[in-house]
Amino acid sequence: MTKAKRGLGKGLGALFGEEVVQEVSGGEGKLKEETDSVGNVIGKTLEESKEITVRLSKIEPNRDQPRKNFDEEQMNELADSIRQFGVLQPLLVQRKGDMFEIIAGERRWRAAKLAGLKEVPVVIREYTEQQIVEIALIENIQRENLNPIEEAIAYQRLMKEFHLKQEEIAERVSKNRSTITNSMRLLNLAQEVQQMLIDNQISSGHARALLSLEDQDIQIELANRIIREQLSVRDVEKAVKQAKKTPKKKEKKQEDEAMDLIFLNLEDRMKTVMGTKVNISRKDKNKGRIEIEYYSESELERIVELIESIKQG
């Protein structure tokens, strides 16, 4: 029987071997039961293949996988397909104690649950944390499953945590370096604007046009106009140019200056307590955001313990 290609692309094959991205033939091999540490049967292995069947309850998603949003309509369509034809491509997993953690295939796992399946085919592999991130990123990008912000965050993680250069990331995901750069620039947008992009309220073209506005309040204001007035990308580019020409008010009201001093004082007090840099960003009179910086894993643990001790006190 001829093996059928899985079609995940050159990127995945280069990372974890072509045998993983090819369909594994069942043959006439003998079934062997897979058990956990206490002897419970969790799946069956065809001894002549590298593919096993595992109960869905023994599989868990990878919390660090790039994709966070799953389209409900597409998931239902995949679930319908799985009801008719089953899971055609095994999930790629690694052992995690008595469980199996998904490296690639969370969408299939979720759809299988919707379809009412009790078990699914998997291929077990062991990878480093970096390889897992790369595999999940490549699979999602090749299937266009990531929204622009999820993709940008994944690139950022590869750079910050694993010290990859943009050229190296571009090579791994088969994209131009400029594409990686432009993707990561989206993370400079205001959080509210990023969410609008995630929710498909504005397009990537709109978002890139807004990037040239340094003032995030103006970004948010113009992004709301895009939604409200259904502005085109060209309209937004014109509005951005106009916004840059509009002079900013240099004089502040005495009330604003007083509030600035109050919040500076609050920042200093929090810095003294936390022992690290603290920034308070005000949205309006009653709302804002507190950012506490840390520079190592041990420092993060110290800050968390400090906050916990305040709660307990």
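**Figure 1. Glutamine 201 sits in the loop between helix 8 and helix 9 (204–210).** This close-up, like those that follow, comes from a predicted model. Is glutamine 201 buried, partly exposed or exposed? Glutamine 201 counts as partly exposed, because its relative accessibility is 42%. Setting aside residues up to four places away in sequence, glutamine 201 touches Met196 and Ile227. Look also for alanine 223. Glutamine 201 and alanine 223 are 22 residues apart in sequence. In space, their C-alpha atoms are 9.0 Å apart.

**Figure 2. Helix 8 (residues 191–198) meets helix 10 (residues 216–229).** Two packed helices are described by the angle between their axes and the distance between the axes. Here the axes come within 8 Å. They cross at roughly 25 degrees. Angles under 35 degrees count as roughly parallel, and helix 8 and helix 10 are therefore roughly parallel to each other. The crossing of helix 8 past helix 10 is left-handed. Which residues meet here? Helix 8 brings Glu192, Val193 and Met196. Helix 10 brings Gln219, Ile220, Ala223, Asn224 and Ile227. Sorted by class, the contact of helix 8 with helix 10 has five nonpolar residues, two polar and one charged. Two names return from the previous view: Met196 and Ile227 are in contact with glutamine 201.

Figure 3. Arginine 225 is partly exposed, with a relative accessible area of 29%. Glutamate 229 is partly exposed too, with a value of 40%.

**Figure 4. Arginine 302 and glutamate 299 pair up in helix 13 (residues 297–312).** Their side chains meet in a salt bridge, 3.7 Å from N to O. The two residues are three apart, about one turn of the helix. Is glutamate 299 buried or exposed? Glutamate 299 counts as buried, because its relative accessibility is 16% and the cut-off for buried is under 20%. Arginine 302 is partly exposed, with a relative accessible area of 34%. Elsewhere, salt bridges with shared partners join Arg225, Arg228 and Glu229 into one network.

**Figure 5. Glutamate 167 and arginine 177 link two helices.** How many salt bridges does the structure hold? It holds eight. One of them joins glutamate 167 to arginine 177. Their closest N and O atoms are 3.1 Å apart. The pair links distant parts of the chain, 10 residues apart. Glutamate 167 lies in helix 6 (residues 166–173). Arginine 177 lies in helix 7 (residues 177–185). Glutamate 167 is partly exposed, at a relative accessible area of 43%. Arginine 177 also counts as partly exposed, at 42%.

**Figure 6. Helix 5 (residues 148–162) packs with helix 6.** What is the angle between helix 5 and helix 6? It is about 130 degrees, and the axes are 10 Å apart. Angles over 145 degrees would count as roughly antiparallel, and 65 to 115 as roughly perpendicular. Helix 5 and helix 6 are therefore oblique to each other. Helix 5 passes helix 6 in a right-handed crossing. From helix 5, find Tyr155, Leu158 and Met159. They meet Gln166, Ile169 and Val173 in helix 6. The contact of helix 5 with helix 6 has five nonpolar residues, one polar and no charged.

**Figure 7. Valine 120 is a buried residue in strand 7 (residues 119–124).** Its relative accessible area is 0%. Which residues is valine 120 in contact with, leaving aside its neighbours within four places in sequence? They are Ile52, Thr53, Val54, Leu56, Ile59, Val87, Leu91 and Ala112. Glycine 86 gives another reference point. Valine 120 and glycine 86 are 34 residues apart in sequence. Their C-alpha atoms are 8.5 Å apart in space.

Methods: Residues numbered from 1 in each chain as written. Predicted model: local features only at pLDDT ≥ 70, side-chain atom pairs only at ≥ 80, totals over all residues. Heavy atoms only, no water. Axes fitted to C-alpha atoms, helices over the stretch in contact; angles between N-to-C directions. Helix = DSSP H or I, 4+ residues; strand = E, 2+ residues; numbered from the N terminus. Left-handed = near helix turned anticlockwise from the far one by under 90°. Contact = heavy atoms within 4.5 Å. Nonpolar A, V, L, I, M, F, W, Y, C, P; charged D, E, K, R; others polar. Salt bridge = Lys/Arg side-chain N within 4 Å of Asp/Glu carboxyl O. Buried < 20%, exposed > 50% of the residue type's maximum accessible area, 1.4 Å probe, protein only.
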